[in-house]
Amino acid sequence: MAALSELLGDIVTDVDGLFLFTPSHSHYERFAEADVPTIVIAPENTVDAETFVELPLQFQNVKDRIRFGVEGAMEQSLVEAGDTIACNVGIFGGDPDSVVRVRVKENMRSGIYDLFANSRADPGVIRDVFEVAIELGKKGQKGEPVGALFIVGDAGKVMNKSRPLSYNPFEKSHVYVGDPIVNVMLKEFSRLDGAFVISDSGKIVSAYRYLEPSAEGVDIPKGLGARHMAGGAITRDTNATAIVLSESDGLVRAFKGGKMILEIDPEDY
């Protein structure tokens, strides 16, 4: 009778590295001397790991945790396409309790890690806005495709570089993105012109904003329209992040520093 370790040994055979997701000190020390490079993936480097990738959010979904960890490691040139990684990740709480074998592919470099980890706004706020855009891209508004523009972070400067197109329904309110009721409001207002402006902490500052920065020097792909140009331009002149849902092709794109950092089909997310 074959030992279970023999039957399951191929999960870690010939891997190029080991990812430990949010390990305790004792768990990390058990693997610190492994015969392959060990990389800690966690919100903070509490174990003083020599090689560390910040996980901007403690994703509940294991697939998301692994996907973001792999992309973060690719951003730091710790792994590359073609590598095989053993991911030691926790599913039931406490120390990591499961191992997943992952083949690194170039299409894992989506830009989502950069969007969440390196934006000025709180990563949870970026996630909430991104998920609103993704859901709008999948379902549209009343069965029809819609476009939307969300400017997240550095709200004071964004407001100074824009003007109202209509009455601001959020002017005297204190509502935050992420609240299910508020997200419904965002979807309803998305079919009207103008951008949403959202603060670093997630407060919805305004809707119906016309962004005024010039398009000069903005690096966006050919064929994208005024909504994308405005989003790219405002991120060139401020520290905001723009998340744009295209009405024409249904893709979600993000801009920082005047450049597009992400393009994703909501149906693939």
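Q: In which hand does H5 pass H7?
A: A crossing is left-handed if the near helix is turned anticlockwise from the far one by less than a right angle, and right-handed if clockwise. Here H5 passes H7 in a right-handed crossing. This is a predicted model, where local features need pLDDT of at least 70, side-chain atom pairs count only at pLDDT 80 or more, and totals for chains, interfaces and linings use all residues. Residues are numbered from 1 along each chain as its sequence is written, and side-chain values use heavy atoms, with hydrogens and water left out.

Q: At what angle do the axes of H5 and H7 cross?
A: Angles under 35 degrees count as roughly parallel, over 145 as roughly antiparallel, 65 to 115 as roughly perpendicular and the rest as oblique. The axes of H5 (residues 123-139) and H7 (residues 180-189) cross at roughly 55° and come within 11 Å, so the two helices are oblique to each other.

Q: Which residues make the contact?
A: Contact means heavy atoms within 4.5 Å. H5 brings Val-132, Glu-135 and Leu-136, while H7 brings Asn-183, Leu-186 and Lys-187.

Q: What is the volume of the largest cavity, and which residues line it?
A: On a 1 Å grid over the protein atoms alone, a cavity is a set of points where a 1.4 Å probe fits but cannot get out, and a pocket is an open set with protein on both sides within 12 Å along at least five of seven lines; lining residues have an atom within 4 Å of a point. The largest cavity has a volume of about 30 Å³, and its lining includes Gly-147, Phe-196 and Arg-227.

Q: How much space lies in the largest pocket?
A: About 320 Å³. Among its 17 lining residues, those closest to the centre are Tyr-210, Leu-211, Ala-226, Arg-227 and Ala-230. Helix H8 gives the largest share of the lining, five residues.

Key:
Axes are lines fitted to C-alpha atoms, for helices over the stretch in contact, and angles run from 0 to 180 degrees between N-to-C directions. Helices (H or I, at least four residues) and strands (E, at least two) are DSSP runs, numbered from the N terminus. Grid points are joined across faces, edges and corners, and a volume is the space filled by probe spheres set on the points.
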